[in-house]
Amino acid sequence: MDASRKRAEGAGAMFDRQLLELPGIRRAFCAAAAFAAAQGALVVAMAWCLARALTNLWDGAAFEAQTGLLAGFAAGFLGAAVVRAAQDAWFARWASRVASAVRREALAAVFSDGAALVDGFGSAAITTLLLEDGDVLEKYLRTIVPRMGNAVVVAAFVIAALFAFDWVSGLIVLVMMPVIGLYMALLGSMARKAATSQRAEYERLSNAFSDTMRGIDTVARLGLVRSWERSLEATSEKFRAATMKVLRTATLSGSVLDLISTLSLAAVAIMLGFRLVDGSVTLFCALASLVLVPECFKPVRAFASDFHASLEGRNALAAQRRLMDEHRKAARRRLEGAQRFGAAASAGPAARPVDSTPGLTLSFEGAGVDHDGRAALAGCTFSVRQPERVGIVGASGAGKSTLASLAAGFRAPDAGSAALAGACAEGADAWRREVLYLPQAPTLFHGTLRDNVALYTPEADDEAVLAAIRAVGLAPLVDALDGGLDGVIGQGGRQLSGGQAQRVALARAFLDRTRRLLVFDEPTAHLDVETEYELKQAMVPLMEGRLVLFATHRLHWLDVLDRVVVLAAGRIEFDGSPSEALRQSPTLRAMAYGEGRRP
Amino acid sequence: MKDLIALLRTDAWVMPLFRSYRKPLVLALVLGFLMFVFASALMFTSGYLISASAVVATVLALHLPLILVRVFGIGRPILNYLERLESHDWVLRMTSKLRVRLYRAVAPDAVRLRASRRTGELLGLLADDVAHVQDLYLRTLFPMTVSALLYLAGAVCLGFFSPMLLCAWALALGAVLVVLPCASVAVVGPRERLVKRATDELYADLSEDVAGANDWIYAGREAERREKAEERLERRAKLREAIDAFDRARDVAAQACFLVVILSLVAWAAAAFGGAERTGTDAVNWIAAFSLAFFPLMDAFTVVPPAAERGLASLDAVRRLNALDAGAAARPAPPAAPARLPRPPYDIVFDDVAFSYGPGEPQVLRGLTCAIPFGQKVALLGRSGEGKSTLVALLRGDFAASAGSVTVGGASLAGAGDAAARFVSVVSQDAHVFDLSIGENVRLGRPDATDEDVWQALFRVRLAEHVRSLPKGLATLVGEGGCRLSGGQRHRLAVARVLVAGSPVVVLDEPFAGLDPTTERDVLALVADALADKTVVLVTHHLAGVSAFDRVMFLEGGRVVLDGAPQDLFAESERYRRLYELDNPFETCC
């Protein structure tokens with residue numbers, strides 16, 4: 001975001017109730033107050049010493065006689081600086097601890113809920129929360145609490161001292177404080193209104209440039225390079241005018257604080273002048289007051305200065321709050337649906353069954369999933385038994401992916417139940433041990449090819465890994481990769497094509513024969529038809545003896561499936577053999593034959 | 001340090017801009033400078049006023065100081081306000097110019113840039129870099145220059161009075177303005193770079209972790225992964241702690257330097273104006289004045305060392321912008337504008353075309369020859385990476401063939417720039433939908449299209465009803481990247497653009513990826529109908545709906561391996577039959 005834009009947006013209350021819920025916040029406030037008290041005392045001592053020394057000098061005393069006082073002043077001055085550094089160190093550590101705790105909480109949530117959380121919240125949003133928001137939060141916490149403490153306690157100390165030296169000066173400053181608060185609130189809301197009323201348009205203008213950059217090859221392809229430049233200039237100019245308009249008000253808000261503090265100083269000086277002439281105040285007290293007045297406003301200015309950081313900080317806190325709410329919701333769903341999300345362990349062997357060990361049964365009973373208020377899936381009732389292969393077919397948006405994610409155990413249904421019987425473990429763990437999920441974009445991570453293929457079976461030896469790789473047709477990649485099995489793929493390593501990535505996922509399935517439930521979610525729709533053909537040859541052997549759920553709209557898969565469930569608008573329209581489905585299901589017929597075409 | 005100076009000397013982006021906007025820049029600097037002068041003068045005058053009031057009998061004698069206190073008291077905030085407005089206005093103007101220049105540097109080469117891998121992030125970074133240059137001015141250059149001006153002015157004034165004082169001022173403040181910033185840059189610079197690298201790596205790793213969390217959970221290895229992530233975060237936090245510790249020490253050192261200045265001022269004032277012999281005269285009133293005058297100036301000087309540190313990040317931005325020019329120079333020169341433009345009939349001829357993206361890059365096309373007469377509908381297939389998109393790029397003239405020739409209507413479009421769009425329109429998979437209204441987006445195809453034309457095009461891609469149902473109709477904004485539309489709707493909008501453009505050759509580069517087959521088939525039929533009198537090249541990886549096409553070509557190994565009418569290929573090629581059945585499993589004939 002532009003610096004100017006940040007300033008324009010920043011007027012707003014800095015304090016947030018969410019602050020009060022953070023761990024250790026009470027201790028932090030106490031610490032802030034303690035540090036501020038020390039600072040306040042040192043500042044007053046510093047003012048006292050300097051004023052005394054200057055008065056003596058004015059009276060004609062020798063400079064050498066003032067060394068003691070000046071040393072006191074120096075000690076106060078440096079002492080205050082050291083206390084500030086110590087305060088910063090304390091709060092840096094505290095903020096870092098809190099931010100760490102927030103991050104760890106978020107990470108734990110991600111690694112316990114998995115897709116249920118990530119899909120709902122957004123993978124990019126979570127990464128931002130972990131990194132940038134965490135940093136912003138840290139910066140916010142590190143500055144907001146001590147500054148608050150300073151603004152209150154240091155100002156209190158200084159005003160009290162002012163009263164002690166000269167009650168009129170003290171009064172002037174004391175009266176100005178709430179005036180500052182009022183003006184800032186007023187101007188802040190004015191600036192915010194100015195910013196919000198034009199917000200949508202303003203956002204568009206400010207994003208116009210990055211929008212252009214992102215679509216710049218489209219601009220080039222449309223042959224608009226030159227004319228776009230003109231409109232870019234016009235947009236920039238409009239943006240500048242709009243920003244300046246908002247800035248005029250926003251800057252006023254900061255300038256008011258400046259004005260009030262400077263005018264207070266001037267007013268105090270003038271009053272002191274008059275009263276000195278009168279004789280109602282001594283030079284020492286007057287000088288001390290003069291030194292102290294700016295020290296009153298300094299912490300208040302510091303508190304008010306970092307508007308945009310506090311705005312971002314509050315947003316970061318809010319984002320974290322939202323994530324944890326989602327996490328709690330997911331946990332609640334799991335708990336409530338515990339009986340719905342059940343699994344009965346087989347009475348059988350203690351050892352982990354191999355893939356051909358039959359007996360795994362997946363059943364849905366009136367299962368439904370809500371998404372954004374509407375039902376993505378409703379009233380699904382069917383059950384499949386190993387070694388059946390069931391296709392889940394429907395148009396896009398019909399609920400195939402939702403049903404696939406239910407089948408893979410990513411989340412509990414919002415209504416009805418889903419159960420996996422005959423598994424090797426209980427509860428949600430059953431799913432996690434039995435399922436292999438193969439989506440369109442399999443997870444590849446920055447690591448060696450071997451590590452990626454052996455994701456589920458880290459103990460597999462090179463022999464087994466190579467066998468799996470050969471079985472799925474990935475051998476050319478091993479040859480082409482620098483380092484073969486040790487070659488690095490994923491982010492920052494070699495980028496794999498869609499087909500190659502899918503083969504890595506298949507190799508994983510090949511290696512891990514203990515998982516008996518295979519859930520495919522459109523694994524080949526985005527690939528070219530030749531690669532799809534080859535992958536199909538590799539996939540069919542994998543399905544031997546396992547329980548397979550295959551969600552797709554590519555209908556050629558029907559010839560390797562025993563059964564098909566047709567979904568339409570989130571409900572099961574048909575459940576039966578492929579040939580029957582082709583005869584009786586209107587949705588499938590439309591997909592297979594198109595409108596107005598005959599078989 | 002050395003490369004910093006080298007950068008500043010060779011910089012062709014930021015410094016020239018600063019120079020061309022000299023007047024407002026100087027005005028802002030003067031305002032900033034005066035602001036601090038007024039602040040200092042306020043304390044000075046107040047100090048004198050108070051000291052003088054202690055001996056004077058009536059207030060009238062203090063007439064001048066009273067006025068001055070008021071003037072300085074009101075003047076300073078006004079100057080502050082004006083300076084901020086002026087600074088921001090200037091920065092915004094400069095930013096506009098910078099953006100346009102960045103656009104000019106990137107746009108003509110946009111398609112070639114896209115061919116290189118890191119473009120997305122590069123472009124995003126560049127957009128941010130403009131914001132960094134703003135910061136460079138506002139948070140680094142401006143405060144440092146104002147401080148430097150104050151330093152010099154102070155040195156000149158104090159030099160008048162006493163060489164000793166001048167020494168103290170010059171040395172103590174020199175430490176704050178020069179030594180501490182240099183130390184910051186030297187110590188913190190490399191650490192900041194480490195932190196930045198750690199952050200970038202963390203970002204990549206955390207994205208992976210989050211996206212693949214499910215897999216790790218299902219593999220039963222999530223604890224291991226989570227611990228790794230926490231460990232990486234810890235390491236980065238430690239690096240930043242070290243930087244903070246240095247910053248704290250540096251700030252205390254700066255305060256010590258200020259203390260030296262204050263004490264020197266007091267000592268000198270005491271000697272110059274104090275002493276038993278001057279008691280009762282006006283002279284003693286100057287002691288407090290001089291002693292207190294420095295306090296407000298500390299605000300100007302304290303920000304300099306941190307500003308230097310912050311400037312480092314902004315300088316990276318300047319470096320990247322300058323690297324753009326170097327990058328452009330390193331890339332092969334774009335082809336020269338063609339001698340003549342295509343003329344009807346717009347037949348396309350590829351004659352023994354060979355192409356690779358660069359000297360070290362593999363040959364994407366080798367000896368490709370084919371001819372597409374005007375009005376033919378061609379489906380182009382092949383695996384990813386086999387050269388389909390390259391063929392399209394050559395057709396459009398984004399690149400020139402390394403060998404052989406590519407002509408449309410008898411002329412090559414290489415180097416034609418904007419003019420090429422009149423003859424060849426391309427809808428690609430990643431066609432960007434801009435944050436404008438629906439009507440404006442469609443009109444990008446042909447800016448002088450009427451509303452009628454736009455509605456026609458929308459009707460043909462089956463978006464007309466949806467748009468009519470929207471409250472603002474054609475004027476509805478589509479949001480960033482077209483986020484208010486679904487993926488399929490975005491694709492169709494991009495196709496509508498091309499329909500409106502009316503060029504003789506239309507290329508659709510996998511425009512239907514992600515659409516379900518029914519919609520894909522229908523839209524293909526519609527498009528084939530709407531473009532009946534034009535040449536259509538459809539790059540696709542499916543054989544769905546291919547019966548609407550006159551000809552199917554397969555690319556493999558940089559050449560055309562299968563080429564013919566769909567029925568003929570079905571009859572003659574086993575390979576074609578196999579693939580066709582995959583896409584059309586329930587058809588008895590093609």
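Reply: Gladly; bear in mind that this is a predicted model. One place to begin is the lining of the largest cavity, where the largest share, seven residues, is supplied by helix 10 of chain A.

Me: Which other elements contribute to the lining of the largest cavity?

Reply: At least two residues each come from helix 9 (225–278) and helix 10 (283–305) of chain A, and likewise from helix 3 (22–53) and helix 11 (298–302) of chain B. Of the 19 lining residues, the closest to the centre are Leu265(A), Pro294(A), Arg301(A), Pro296(B) and Asp299(B). The volume of this cavity is about 330 Å³, and the search of the whole structure finds ten cavities of 30 Å³ or more.

Me: What is the make-up of that lining by class?

Reply: Twelve of the lining residues are nonpolar, two are polar and five are charged.

Me: Why is Arg492(B) called buried?

Reply: Buried means a relative accessible area under 20%, and Arg492(B) has 15%, so the term applies. This residue lies in helix 17 (residues 487–501) of chain B, and, leaving aside residues up to four places away in sequence, Arg492(B) touches Val461(B), Arg462(B), Leu463(B) and Val523(B).

Me: How do you know that strand 6 of chain A and strand 9 of chain A pair?

Reply: Pairing requires at least two bridges between two strands; strand 6 and strand 9 (residues 517–521) of chain A have four, in the parallel sense, so they count as paired. Within this pair, Leu438(A) stands opposite Phe520(A) of strand 9.

Me: Where do the residues of strand 6 of chain A point?

Reply: In strand 6 (residues 435–438) of chain A, Val435(A) and Tyr437(A) point one way, Leu436(A) and Leu438(A) point the other way, and all are buried. In a regular strand, side chains alternate between the two faces of the sheet.

Me: What makes strand 2 and strand 4 of chain B edge strands?

Reply: The open sheet of three strands in chain B has the order 2-1-4, with antiparallel pairing. Strand 2 (363–372) and strand 4 (403–408) each pair on one side only, and they are the edge strands. On average, neighbouring strands of this sheet are turned by 20 degrees against each other, direction ignored.

Me: What packs on this sheet?

Reply: Helix 13 (residues 388–396) of chain B does, touching strand 1, strand 2 and strand 4 of chain B, and its direction makes about 120 degrees with that of strand 1.

Terms used. Residues are numbered from 1 along each chain as its sequence is written. Chains are lettered from A and ligands numbered from 1 in the order in which they are written. This is a predicted model: local features need pLDDT of at least 70, side-chain atom pairs count only at pLDDT 80 or more; totals for chains, interfaces and linings use all residues. Side-chain values use heavy atoms; hydrogens and water are left out. On a 1 Å grid over the protein atoms alone, a cavity is a set of points where a 1.4 Å probe fits but cannot get out, and a pocket is an open set with protein on both sides within 12 Å along at least five of seven lines; lining residues have an atom within 4 Å of a point. Grid points are joined across faces, edges and corners, and a volume is the space filled by probe spheres set on the points. Ala, Val, Leu, Ile, Met, Phe, Trp, Tyr, Cys and Pro count as nonpolar, Asp, Glu, Lys and Arg as charged, and the others, Gly among them, as polar. Buried means under 20% relative accessible area, exposed over 50%, partly exposed in between (1.4 Å probe, protein chains only). Contact means heavy atoms within 4.5 Å. Axes are lines fitted to C-alpha atoms, for helices over the stretch in contact, and angles run from 0 to 180 degrees between N-to-C directions.
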